[in-house]
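Visitor: I would like to go through this entry with someone who can say on what grounds each term is used.
Guide: Gladly; here is the structure.

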Amino acid sequence: MREQRKGMLLVVSGPSGTGKGTLCERLLRSDPSITFSVSVTTRRPREGEIDGVHYRFVSEEQFDQMLGQNAFLEHATVHGHRYGTPRAQVEEAIEAGQNTLLDIDPQGALSVMSAKPDTVSIFILPPSYSALRQRLRTRNTDDPEEILKRLSNAYGEVKLLKHYSYAIVNDQLDQAFALLSAIILAEKQRTTRYFPEIYEE
Ligand code: ADP
Ligand code: 5GP
């Protein structure tokens, strides 16, 4: 038996604080076939964030320059900061057969789905808005004003759920992770990206 695989473009999206980052980190640790697409942002680094690992942190001018060069597969202003997915990085990875993971906001996710219709898109929901508020507070990375902005944006973002291939409610982390892994396991076997060849022996 011989087999070939085409890379999968995987978008994990949903409101801020639902647990996307937590789920994605766990996924990357457990599945070496998946690489993370490092986004470009004009947001300031948070404590512990490393340039080139969590994000590429750039100035507004650098972001504009990249926009002018058509360097983004998608870009969006999210909670007042600009974020973009580097086009070349993603397209090269998919071409090379790598599964590529994007953790991006719903506006960006919709743009990627329309540019690349075979994207596997997964929307992560919190179990309730109060749980979301609690998670944003517990994470302790954003000031109260920023948390309020992220929470009020969540109501609009959840309305975009119907455009996605899958939805996961992240109540118990282990259960949500099991669902995410199951989706990916099945999507890897799609005949549009998995090409097994069998022989007599
Ligand atoms: P996002 O990347 O979607 O903004 P994070 O992954 O940073 O969200 O998670 C926000 C906060 O919620 C973090 O403090 C994280 O540890 C916590 N968290 C994630 N999943 C769960 C869960 N299932 N139950 C409780 N807390 C969670
Ligand atoms: P944070 O500032 O908390 O890291 O991210 C805020 C939001 O921006 C999250 O919803 C995250 O998924 C989203 N985001 C991160 N990178 C990108 C990107 O490249 N494009 C888009 N559209 N959103 C992004």
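This is a predicted model: local features need pLDDT of at least 70, side-chain atom pairs count only at pLDDT 80 or more; totals for chains, interfaces and linings use all residues.

Visitor: What makes R43 a polar contact of ligand 2?
Guide: A polar side-chain atom of R43 lies 2.6 Å from an oxygen atom of ligand 2, and because a polar contact is a pair of N or O atoms within 3.5 Å, the pair qualifies. By that criterion D105 also counts, with a polar side-chain atom 2.7 Å from a nitrogen atom of ligand 2, and for E74 a side-chain N or O atom is 2.7 Å from a nitrogen atom of the ligand. The protein covers 95% of the 520 Å² of accessible area that ligand 2 has on its own.

Visitor: How do you know that T18 makes a polar contact with ligand 1?
Guide: A polar backbone atom of T18 is 3.3 Å from an oxygen atom of ligand 1, which is within the 3.5 Å limit, so the pair is counted. In G17 a backbone N or O atom lies 2.7 Å from an oxygen atom of ligand 1, whereas N170 places a polar side-chain atom 2.8 Å from a nitrogen atom of that ligand. Of the 570 Å² of accessible area that ligand 1 has on its own, the protein covers 73%.

Visitor: Which residues of helix α5 make the contact with helix α6, and how do they and their partners divide by type?
Guide: From α5 they are Y129, L132, R133, L136, R137 and R139, and the residues of the contact divide into eight nonpolar, no polar and four charged. The axes of α5 and α6 come within 10 Å and cross at roughly 145 degrees, and the crossing is right-handed.

Definitions and conventions
Residues are numbered from 1 along each chain as its sequence is written. Chains are lettered from A and ligands numbered from 1 in the order in which they are written. Side-chain values use heavy atoms; hydrogens and water are left out. Axes are lines fitted to C-alpha atoms, for helices over the stretch in contact, and angles run from 0 to 180 degrees between N-to-C directions. Helices (H or I, at least four residues) and strands (E, at least two) are DSSP runs, numbered from the N terminus. A crossing is left-handed if the near helix is turned anticlockwise from the far one by less than a right angle, and right-handed if clockwise. Contact means heavy atoms within 4.5 Å. Ala, Val, Leu, Ile, Met, Phe, Trp, Tyr, Cys and Pro count as nonpolar, Asp, Glu, Lys and Arg as charged, and the others, Gly among them, as polar. A polar contact is a pair of N or O atoms within 3.5 Å; within protein, one must be able to donate a hydrogen and the other to accept it, and residues adjacent in sequence count only if both atoms are side-chain atoms. Accessible areas come from the Shrake-Rupley method with a 1.4 Å probe; for residues, only the protein chains shown count as cover.
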